[in-house]
Structure formats: C-alpha cells, structure tokens
Amino acid sequence: MCFGPLLGLSGSNTLQIQILFFSFFISRVFKKTSGNGTIALYLGKRDFVDNVDSVEIVEGVVKVDPSGLNDRKVYVYLACAFRYGSDDLDVIGLSFRRDIWLHRVQVYPPTGGSEAKSPMMESLLKKVGEQGHAFSFQMPPNLPCSVSLQPGPNDSGKACGVDFEIKAYIANAPDNPDEVIEKKDTCRLMIRKIQFAPANNKAGAKADISKQFMMSDKPVHLEASLEKEVYYHGDPITVKVQINNETNKTVKKIKISVDQLTSVVLYSSDTYVKEVCAQEFGETVNANSTFEKSFQVTPLLANNKEKRGLAVDGRLKDEDTSLASTTSQGEKEMQGIIISYKVKVTLTVSN
C-alpha cells in the first residue's frame, strides 16, 4: 500500500510515501467446461502480476471437440471490466458493467503461425492432448489491478469493482451483436491482476508542520516519518513522532490513523476516503518541552468487515482477501480504480 503522512493540528500538510502490500499465490491447473461439453478452458494459474512497466502474459489452452461445432468457430477473449452496480438493479435493460479493455483471438480452426511456448503452456497442452489449442494475451500496463468495493451487510449480488474474465465460446463471428451465443456454448474463468511489491531497504519519507496558537508567540513543531517504504499485508506500520512544544500549552493526546483513498477514473475522477485504522495514544507533552517516540499501527481488513465501499483486493469465489494494494502507476496514466493510502498524525492541544 502507498502511505503518505498527513500531520494535523488545525491545519495539514501531506506527503506521499510508497508502501506496497504483496499477495502470494501458487500454481495449479484450473478447468471450466462448457454446458454442452464441446469446449473446455484450462489455465495454469489465475493470478497475474503487474510489474508496473509490464504485466505477466496470460496463457491458457482450450480443448475443442470439433464434432459439436456445426461448422462454427471457437474464440477466446480476455476482458477487464468495471462493475458499478448489481445485476438485480437492471430493470430497464441497462448494463451496469463497462469494458475497460477487451481482446479476442480465434483458437479453432487454427489461424496459422506458431510461437515459442512457455513451460506452462507445454505442460497444459500435454495434459489436454491433441484437441488442445493454445492462446495468450498481453495486457497493457495501464489497466487497473483487480479491486472489489466491499458490499454492506445487506447488499446482494456481485460486488462493484474491477475484474478480469477469460471466456471461451462457440460462434460464427468473434463479435457479432446480432448472433445469439447460448450459455451452453461458453465457459469462463475469472482471473486476478495483482500488484507487485518490490522489496527495498529505503527509509520511509517524512513530513513536518508548525502551528501557532492565540496567546502564544511560539509554535508547536510536529515531525512524523515512516520507518521504511514497503510494508506487506499485516505488517505493523512504525511511525516516528517528534514534537517540540515551545508554547505554554500541553499536548494531551496523539492520534495516528490510516486512510484509504479510492479514485474511480472513468467518467470523471472521483475520490472516496475511508479510515481503515485509528489509534489514540495517551502520551502528553508539557509546555516548553520535547518528545520523541515511535508508535505502531496495523491496518487490517478484519477490523473493517462492515465498512461498505471499502476497496479490497479482488477475490476469486469465497477466498479470503485483504485491503486493496496500492496502485503503482510509475509514469503511466491509469484507468479504472486507483488505490492509495495516507498516514495521519494528529495532536490534541489543551486550551
């Protein structure tokens, strides 16, 4: 996740800090067969890593039984889409799903040409046999990662957010809106695009602010810094706080919180802020004195299960997930949903 400290007394000053969370994944074979049994979709994995400047190639195999095609062809597409409403809200024929990116390929009959096959592709083809036909997709680097907006306790249907779907289907044309493709002629698997978190030992950034009060000719100086740039899911975040209280007032309380910022970049750029962690510390700083201490806070999805609209990493079926990872944009212009975080340090000062 990306955290930037926001130091608050009565004013604020922000500074962005890169902190990324990393998701682990394992490989195994995933399979989905069409209702009529004519085609079957095989994937070696369902998590594909975004390395900021490139994304892992999506590879798979479709098993085709030509006897069930009736002279039709077999296509595969990979779609990245944004779902902004539940299916049960569709009462006037409107779609609550917008394709951000979509690409199709024909797998049967083969269109000719051969390309080098990866070990995973060779393994899938060996498993499927002679009826297997390979395909691959190269996603552009500016697509968002898989993100879901957490539904409320009483919400039903699919969650809003960004998802990726691979679908194999039987049709006469790859994209003919007038052609009816029956459900029994399709098979689909959801995949995830996940953010890579490069490990480094760089020190975290810092921010500072000074605030003056009425009836006091000297200010309170506040400085906060993070121990490091990269944190993984579940890691405690260490925030070093330094206070130089030159006033005649007492700092009664220190509060450290973490906000999640979710920017939806589609029709317009709207940003939603959700507090995902907050903790108050009872340390006091007397007038004309200094203070220095490191505090730890740990933002966890487990403590935010009831928070509607919170962004979480995309999930497959009922798998556990975590708070959405920070979007690493680099120099590219992103689409869809962009996630960032801020750490805030707030002092409560006596009157």
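I began with glutamine 106, which sits in strand 8; strands here are DSSP runs of E with at least two residues, helices are runs of H or I with at least four residues, and both are numbered from the N terminus. Its relative accessibility is 25%, so glutamine 106 counts as partly exposed, where buried means under 20% relative accessible area, exposed over 50% and partly exposed in between, with a 1.4 Å probe and protein chains only. Leaving aside neighbours within four places in sequence, glutamine 106 is in contact with Lys73, Val74, Tyr75 and Thr111, contact being heavy atoms within 4.5 Å.

Before going on I noted the ground rules. This is a predicted model, in which local features need pLDDT of at least 70 and side-chain atom pairs count only at pLDDT 80 or more, while totals for chains, interfaces and linings use all residues. Residues are numbered from 1 along each chain as its sequence is written, and side-chain values use heavy atoms, with hydrogens and water left out.

Valine 74 came next, and I placed it in strand 7. Valine 74 has a relative accessible area of 0% and is therefore buried. Setting aside neighbours within four places in sequence, I listed its contacts as Ile39, Val62, Val64, Leu69, Val105, Gln106, Val107, Tyr108, Tyr169 and Ile170. Threonine 38 is 36 residues from valine 74 in sequence, and the C-alpha to C-alpha distance between them is 10.0 Å.

I then checked the backbone. In the loop between strand 6 (58–64) and strand 7 I found asparagine 70, which has a positive phi of about 55° although it is not a glycine. Aspartate 71 lies in the loop between strand 6 and strand 7, and its phi is also positive, near 70°. Asparagine 70 is exposed because its relative accessible area is 62%, and aspartate 71 is exposed because its value is 81%. Elsewhere, a cis peptide bond with omega of about -5° joins tyrosine 108 and proline 109, and I located proline 109 in the loop between strand 8 and helix 1 (119–128).

In helix 1 I looked at leucine 125, which is buried, since its relative accessible area is 18%. Not counting residues up to four places away in sequence, leucine 125 touches Val61, Lys117, Gly132, His133 and Ala134.

The largest one has 66 residues, of which Val62, Phe135, Met139, Ile166, Val239, Ile243 and Ile256 touch the most other members. Strand 20 (residues 336–349) gives the largest share of this core, seven residues. Both domain 1 (10–19 + 199–349) and domain 2 (25–195) give residues to this core, so it lies between them; the domain bounds come from an automatic or database domain assignment. Apart from this core lies another, of seven residues, among them Ala40, Tyr42, Val61 and Val128.

Last I turned to the largest pocket, which holds about 1,000 Å³ of space. A pocket is an open set of points on a 1 Å grid over the protein atoms alone where a 1.4 Å probe fits, with protein on both sides within 12 Å along at least five of seven lines, and lining residues have an atom within 4 Å of a point. Its lining has 41 residues, and Arg83, Lys158, Asp163, Glu165 and Met190 lie nearest the centre. Strand 11 provides the largest share of that lining, eight residues. By class I noted 18 nonpolar, five polar and 18 charged residues, with Ala, Val, Leu, Ile, Met, Phe, Trp, Tyr, Cys and Pro as nonpolar, Asp, Glu, Lys and Arg as charged and the others, Gly among them, as polar. Domain 1 and domain 2 each give at least three residues to the lining of this pocket.

Technical notes: Grid points are joined across faces, edges and corners, and a volume is the space filled by probe spheres set on the points. A nonpolar core is a set of buried Ala, Val, Leu, Ile, Met, Phe, Trp, Tyr and Cys residues joined through side-chain atoms within 4.5 Å.
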